[in-house]
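Hello,

Here is the structure I promised to pass on to you. My notes on what turned up in it follow below, so please read them with the model open.

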Amino acid sequence: MDSIKQAIDLARATEGGARRAAVSVPDPARPGLHDPQFRQVRLSEADLEQTRIVAHGVGTPNGRYYDMLRAQVLQEMDQNSWQFLAVTSPTVACGKTVTSCNLAMSVARLPERSVLLVDMDMRKPMVANYLGLESDPGIVGVLEERRTLGSALIEASIGPSKLLVLPGEVAASTSSEWMASQTMATLLQTIKRDFRSRTVIFDLPPMLIGDDVISILPRMDAVILVTGVGTTSVADIKECQKHLKQSNLVRVVVNKVTDIADDYHAYY
Ligand SMILES: Nc1ncnc2c1ncn2[C@@H]1O[C@H](COP(=O)(O)OP(=O)(O)O)[C@@H](O)[C@H]1O
Ligand SMILES: [Mg+2]
């Protein structure tokens with residue numbers, strides 16, 4: 001929980017101030033699979049950069065932060081044979097989706113790895129939007145059994161890298177129920193069984209807006225908490241810390257850092 005303490009220190013130091021740029025606070029292995037049966041979409045580099053998805057190529061500005069986060073997270077996941085990684089934040093707009101997409105892209109670039117990115121934020125699904133994909137059909141169609149999992153999955157490629165994406169769909173009024181449902185548990189078991197070789201990254205809703213995340217956390221192997229400098233308060237982080245006591249918190253990402261970014265990053 002050292003990283004929680006560090007995030008609290010930074011939130012305390014910057015509460016009330018506006019900041020921006022992504023920095024990770026400290027902390028993968030399987031063969032890359034080609035899945036020709038899924039819908040295939042080629043992503044546009046220019047469009048990705050518009051939505052701050054920068055980890056698709058080596059040497060992209062800011063991309064190195066996600067590669068560092070990737071190395072830290074995968075190391076810990078490998079050591080523990082973990083497959084499911086949850087990305088959440090205390091409140092909205094901290095940068096969960098930007099972090100999830102960049103981390104997934106960064107993992108996808110590793111030749112011996114493969115990744116599945118699941119948009120599980122049914123309150124505000126943005127993964128498809130940020131990647132430039134169609135979101136219909138998405139996860140709700142699968143949960144409601146209108147679609148098979150296979151028909152909802154998209155194999156997105158950029159350069160030589162490929163990542164598998166399960167787009168999200170809005171189900172704001174039922175998100176909490178879905179998260180706690182047996183149907184969701186079964187979907188997660190199916191993903192675990194059918195995509196055993198992949199690291200699965202789940203872009204979750206914020207922790208403090210309902211019980212959605214609390215319900216799903218026991219089914220996740222590891223968690224990244226994304227905090228937004230100037231957005232996240234010390235009280236928010238402490239509240240999340242209470243809910244994360246039983247979870248494997250692998251990293252706290254301090255997002256939207258500007259002036260203090262270099263010092264802070266060096267600190268980690
Ligand atoms: N490091 C960053 N610097 C500046 N803006 C960012 C950064 N990360 C995310 N944003 C912006 O903040 C907004 C919220 O990000 P998003 O990832 O959608 O948050 P969340 O998924 O937590 O709601 C978006 O407009 C995004 O472009
Ligand atoms: Mg989001």
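One definition first, as it is needed further down: a residue counts as buried under 20% relative accessible area, as exposed over 50%, and as partly exposed in between. Please also keep in mind that this is a predicted model.

**The chain as a whole**

The protein chain has 12 helices and nine strands. Of its 268 residues, 59% are buried. Its accessible surface is about 11400 Å², and carbon and sulfur atoms account for 48% of that.

**Helix 3 against helix 4**

Two packed helices are described by the angle between their axes and the distance between the axes. Here, the axes of helix 3 (residues 63–79) and helix 4 (residues 96–108) come within 9 Å and cross at roughly 75 degrees. Since angles of 65 to 115 degrees count as roughly perpendicular, that makes helix 3 roughly perpendicular to helix 4. On the helix 3 side, the contact is made by Y66, D67, L69, R70 and L74. Helix 4 contributes V98, T99, N102, L103, S106 and V107. Sorted by class, this contact has six nonpolar, three polar and two charged residues.

**Cysteines**

How many disulfides does the whole structure hold? The search finds zero. For C94, the nearest cysteine sulfur is that of C240, 8.5 Å away. With a disulfide requiring two cysteine sulfur atoms within 2.5 Å, C94 is in no disulfide. C94 is also buried, because its relative accessible area is 0%. C101 counts as buried too, with a relative accessibility of 0%.

**The loop between helix 5 and helix 6**

Most residues other than glycine have a negative phi, and most peptide bonds are trans. Worth a look, then, is the bond that joins D136 and P137: this peptide bond is cis, with omega at about 5 degrees. P137 lies in the loop between helix 5 and helix 6.

G138 is found in that loop as well, between helix 5 (127–131) and helix 6 (139–143). Is G138 buried or exposed? G138 counts as buried, because its relative accessibility is 0%. Which residues does G138 touch, leaving aside its neighbours within four places in sequence? They are A152, L166, P167, G168 and E169. I154 is 16 residues from G138 along the chain, and their C-alpha atoms are separated by 9.7 Å.

**Two positive phi angles**

A93 is not a glycine, yet its phi is positive, at about 65 degrees. This residue sits in the loop between strand 3 (84–88) and helix 4. A93 is exposed, because its relative accessible area is 52%.

K256, also a residue other than glycine, has a positive phi near 65 degrees. Its place is in the loop between strand 9 (249–255) and helix 12 (261–267). K256 has a relative accessibility of 28%, so it counts as partly exposed.

**A residue in strand 6**

Finally, L164 is found in strand 6 (residues 161–166). L164 is buried, with a relative accessible area of 0%. L116 is 48 residues from L164 in sequence, but the two are 4.6 Å apart in space, C-alpha to C-alpha.

Best wishes

Methods: Residues are numbered from 1 along each chain as its sequence is written. Chains are lettered from A and ligands numbered from 1 in the order in which they are written. This is a predicted model: local features need pLDDT of at least 70, side-chain atom pairs count only at pLDDT 80 or more; totals for chains, interfaces and linings use all residues. Side-chain values use heavy atoms; hydrogens and water are left out. Axes are lines fitted to C-alpha atoms, for helices over the stretch in contact, and angles run from 0 to 180 degrees between N-to-C directions. Helices (H or I, at least four residues) and strands (E, at least two) are DSSP runs, numbered from the N terminus. Angles under 35 degrees count as roughly parallel, over 145 as roughly antiparallel, 65 to 115 as roughly perpendicular and the rest as oblique. Contact means heavy atoms within 4.5 Å. Ala, Val, Leu, Ile, Met, Phe, Trp, Tyr, Cys and Pro count as nonpolar, Asp, Glu, Lys and Arg as charged, and the others, Gly among them, as polar. Buried means under 20% relative accessible area, exposed over 50%, partly exposed in between (1.4 Å probe, protein chains only). Accessible areas come from the Shrake-Rupley method with a 1.4 Å probe; for residues, only the protein chains shown count as cover.
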